[in-house]
Amino acid sequence: MNDHVYKIIELTGSSQTTIEDAIHNAVARAAKTVRNMRWFEVVETRGYIEDDEVSYWQVTVKIGFKIED
């Protein structure tokens with residue numbers, strides 16, 4: 001088994017529909033420039049209220065990716 005070293009970045013994704021979509025949006029955006037992503041951790045969830053209704057969700061995630069050898 002090889003030992004691995006990981007780097008962590010933190011992003012906030014948003015969505016007008018669901019928390020899950022906000023997570024997917026953050027991961028999809030990271031995938032455009034980050035290789036070897038392995039896991040994510042939700043660290044904060046919040047929403048924006050407009051006219052007494054939830055307008056959109058914001059989810060902050062930490063994404064871990066393996067450093068290349």
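Select serine 15 to begin: this residue lies in strand β1, residues 6-15 (helices, H or I of at least four residues, and strands, E of at least two, are DSSP runs numbered from the N terminus). The model is a predicted one, in which local features need pLDDT of at least 70 and side-chain atom pairs count only at pLDDT 80 or more, while totals for chains, interfaces and linings use all residues. Residues are numbered from 1 along each chain as its sequence is written, and side-chain values use heavy atoms, with hydrogens and water left out.

Is serine 15 buried or exposed? Serine 15 counts as buried because its relative accessibility is 8% (buried means under 20% relative accessible area, exposed over 50%, and partly exposed in between, with a 1.4 Å probe and protein chains only). Now display its surroundings. Beyond the neighbours within four places in sequence, serine 15 is in contact with Asp21, Ala22, Asn25, Tyr56 and Trp57, contact meaning heavy atoms within 4.5 Å.

Next, select the strands. They form an open sheet of three, in the order β1-β3-β2, with antiparallel pairing (two strands pair if DSSP finds at least two bridges between them). β1 and β2 (37-50) stand at the edges with a single partner strand each, so one side of each has no neighbour in the sheet. In general, strands of a sheet pair through backbone hydrogen bonds.

Which residue of β3 is the bridge partner of tryptophan 39? The partner is glycine 64. Methionine 37, in turn, stands opposite phenylalanine 65 in β3. Then move to the hairpin of these two strands, which has two residues between them; here aspartate 51 takes a positive phi near 55 degrees.

Finally, turn to the charged side chains. The whole structure contains two salt bridges, each a side-chain nitrogen of Lys or Arg within 4 Å of a carboxyl oxygen of Asp or Glu. Select arginine 35 and glutamate 68, whose closest N and O atoms are 2.8 Å apart in a salt bridge. Arginine 35 lies in the loop between α1 (19-31) and β2, and glutamate 68 in the segment after β3, so the pair ties together parts 33 residues apart in sequence. Arginine 35 is exposed at 56%, whereas glutamate 68 is partly exposed at 45%.

The last stop is arginine 46, which forms a salt bridge with glutamate 44. Arginine 46 is partly exposed, with a relative accessible area of 30%, and glutamate 44 is partly exposed at 40%.
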